[in-house]
Amino acid sequence: MAKTNHIPVLIVGGGPTGLFLALSLSNLGIDCRVIEKNEAPTQHSRSIGIHPPSLELFDRLGLVKPFLQEGILIRKGHAYLNQSWIGMVGFDSLPAPHQYVLSLPQSQTETILEAACQEVDSSMVRRGVTLTSYETTQDGVRVHMQAAHGAKSTDGDVEEATCDILVGCDGKRSVVRELAGIAFNGSHYPDTYMMGDFEDTTPFGEDAMITLHQDGLVECFPLAKGRRRWVVKTAQYVDAPTEQELKEIVAHRTGFDLRQAQCTMTSSFGVQHYIAETFAKGRVVLAGDAAHVVSPIGGQGMNLGWLDGEALAKALHAFLSTQNERHLQDYSKRQRSIARQAGKRAEWNMRLGRSFKNRWVKRWMLYLFVRTPIQRVLAQLFTMQKLGAWRV
Ligand SMILES: Cc1cc2nc3c(=O)[nH]c(=O)nc-3n(C[C@H](O)[C@H](O)[C@H](O)COP(=O)(O)OP(=O)(O)OC[C@H]3O[C@@H](n4cnc5c(N)ncnc54)[C@H](O)[C@@H]3O)c2cc1C
């Protein structure tokens, strides 16, 4: 028979949200475990933008140093309309000390967070362990897990544990959310994109670049080791994009010739917006993509997960000392509101990059955004400042 362990907080999912939540909880003295179904960290670099509010959270946990050492500090971005340079958005008006967006592939971000967890407690993260089901009991949750061969299983491949609180940080297809019967409301946008990482052959150095072209957006961001991430809007979803397709679109819309640039990754993505009807049901709580999915254009999804993590750690601290579920409901209400605000900002970013017919309207819009004081507001909105300052 499977042995049953008790863990105050069990986190399902060792992505950016789950790992950060574990560190925030242990910083408050709360014992927790993370189970992650993948046996090795992801190699996919999907998310790259880390915004100043997240860097402040890392600062408070003493984590920021490795991020700054490995990432690139983006302090400004150039704006083009078709191939004409219109101006620049700088981040120097943001509150100190982090007046930049940090560029770091998600795989490295997860590696840094997991190493920090290991440093606190080498058994905090268990890889190769999948949550298969759970049931709520009178004073907690009983979970059933499957350990892959090679995972340090306590008693065979099937395990049981009880916990006071179960947190689903298990991504947009969250099993925790599904088993809790929490609806995930939203839809797909028609927008589709291709992206790829190339050797950097542009003159932009550590700056970002955005081109609004009549056929659709092109963005590019610096990556460490002399590489650059290119993202282009496409008319429809391209299943397995080739580097040639990406190079042709970039050349046509921006004039940059990537023919000689070595490519290390290409992929495509569609865009969705979903939000869970509640982030807390009894002793089951959601955070990160399990709770909300926003458009990756504007790069806010992972950062939102960290804002959830910080708020949830405080709510769990209050709940575990009072047993009052109001703390969990307050967490749900506030973070839902923040996620909806961020979703609207991301949607606005995405609409700006759609193809257009009237060049003059776009030109004036872009001119206002980068050549007038509106630039400061734009820099704030883009870098996730003041989220939660008002309710939606
Ligand atoms: C192309 C692209 C670019 C993006 N760029 C940005 C960006 O620049 N900035 C930004 O902020 N966001 C960006 N995002 C969004 C970002 O990648 C996500 O918001 C982020 O990964 C969410 O983190 P998470 O930990 O909540 O979920 P996930 O990263 O999905 O992690 C969930 C984890 O749970 C594990 N899991 C699932 N089910 C189980 C189970 N039953 N048992 C155990 N483990 C389980 C999974 O293996 C996974 O490791 C981008 C997304 C895409 C697609």
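Start with helices H2 and H7: H2 passes H7 in a left-handed crossing (the near helix is turned anticlockwise from the far one by less than a right angle; clockwise would be right-handed). Helices here are DSSP runs of H or I with at least four residues, strands are E runs of at least two, and both are numbered from the N terminus. You're looking at a predicted model, where local features need pLDDT of at least 70, side-chain atom pairs count only at pLDDT 80 or more, and totals for chains, interfaces and linings use all residues. Residues are numbered from 1 along each chain as its sequence is written.

Now select 52-60 (H2) and 301-322 (H7): their axes come within 9 Å and cross at roughly 40 degrees. That makes the pair oblique, meaning not under 35 degrees (roughly parallel), over 145 (roughly antiparallel) or 65 to 115 (roughly perpendicular). Axes are lines fitted to C-alpha atoms, over the stretch in contact for helices, with angles from 0 to 180 degrees between N-to-C directions.

Next, show Pro-53, Ser-54 and Leu-57 on H2, plus Asn-303, Trp-306, Leu-307 and Glu-310 on H7; these make the contact (C-beta atoms, placed from the backbone, within 7 Å).

Of the 32 residues around the ligand, Gly-13, Gly-15, Gly-171, Gly-288 and Gly-301 come nearest (C-beta, placed from the backbone, within 6 Å counts as near).

Finally, zoom out: the protein has 10 helices and 19 strands, and its C-alpha atoms fill a box of roughly 65 × 45 × 40 Å along the principal axes.

Methods: Two residues are in contact if their C-beta atoms, placed from the backbone, lie within 7 Å.
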